Amino acid sequence: MLSNEDFIVITTISALLSVTADVIMYKEQQLKFVEGKDVEENLEEKFEVLGYKREEIVEGHGQYCIRGGIIDFYPFNSDLPYRVELFDTEVDTVRTFDPISQRTVDRVSYVSVIPASEYIVTIEMKNALIDKLKQLLESAIDKGQLYRDIEMLENSGVFPSIDKYIPVIYGNSL
């Protein structure tokens with residue numbers, strides 16, 4: 001879908017009717033590391049928007065770690081995590097590595113970071129949702145659940161039950 005090539009989709013009715021981010025948003029939020037090219041600013045924010053969780057050591061899918069000039073991340077479409085080494089702001093090397101031994105397996109010239117979540121929630125979208133939920137607090141029957149959801153949004157962004165707010169995030173109303 002991102003490459004504008006013809007494709008066939010096999011899915012269920014339920015999945016077809018699900019609200020998700022559109023292709024344009026995926027293209028806008030795409031993160032690429034290419035040897036010899038500068039990295040984008042705000043990498044931590046980009047990884048968070050793509051649904052990755054920051055960890056001390058990358059051992060599982062959907063995790064990332066930034067330590068000085070080294071960026072590790074483990075996309076869901078890969079059997080191995082990636083390590084990007086920087087020289088200042090330029091990508092020096094891109095490699096896959098073994099998550100147990102942390103040793104290099106193979107070197108590649110570039111890698112695209114795909115979302116770790118089916119929902120992409122930018123900082124602006126998250127803040128707009130928090131504002132909307134705070135407005136709803138006045139008339140809500142279950143204020144406790146709204147308070148918990150607001151707290152999770154403020155602390156981490158995407159959380160397991162965020163799908164109930166996706167129509168609001170992507171432009172429909174509650």
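Tutor: Start with exposure: a residue is buried under 20% relative accessible area, exposed over 50%, and partly exposed in between (1.4 Å probe, protein chains only). This is a predicted model, where local features need pLDDT of at least 70, side-chain atom pairs count only at pLDDT 80 or more, and totals for chains, interfaces and linings use all residues. Residues are numbered from 1 along each chain as its sequence is written, and side-chain values use heavy atoms, leaving out hydrogens and water.

pLDDT is the predictor's confidence in each residue, from 0 to 100. Its mean for the protein is 87, and 94% of residues reach 70 or more. Helices (H or I, at least four residues) and strands (E, at least two) are DSSP runs, numbered from the N terminus. Confidence is highest in strand S4, at a mean of 97. Let us look there.

S4 covers residues 70–73, and Asp-72 lies in it. Asp-72 is buried, as its relative accessible area is 1%. What does its side chain make a polar contact with? The partner is the side chain of Arg-83, at 2.8 Å. A polar contact is a pair of N or O atoms within 3.5 Å; within protein, one must be able to donate a hydrogen and the other to accept it, and residues adjacent in sequence count only if both atoms are side-chain atoms.

Now use plain contact, meaning heavy atoms within 4.5 Å. Setting aside neighbours within four places in sequence, Asp-72 is in contact with several residues, including Val-58, Tyr-64, Cys-65, Phe-97 and Gln-102.

Follow that last partner. Gln-102 sits in the loop between S6 and strand S7 (104–108). Its phi is positive, about 65°, although it is not a glycine. Most residues other than glycine have a negative phi. Gln-102 counts as partly exposed, because its relative accessibility is 24%.

Asp-88 also has a positive phi, near 65°. Its loop joins strand S5 (82–87) and strand S6 (90–97). Asp-88 is exposed, because its relative accessible area is 69%.
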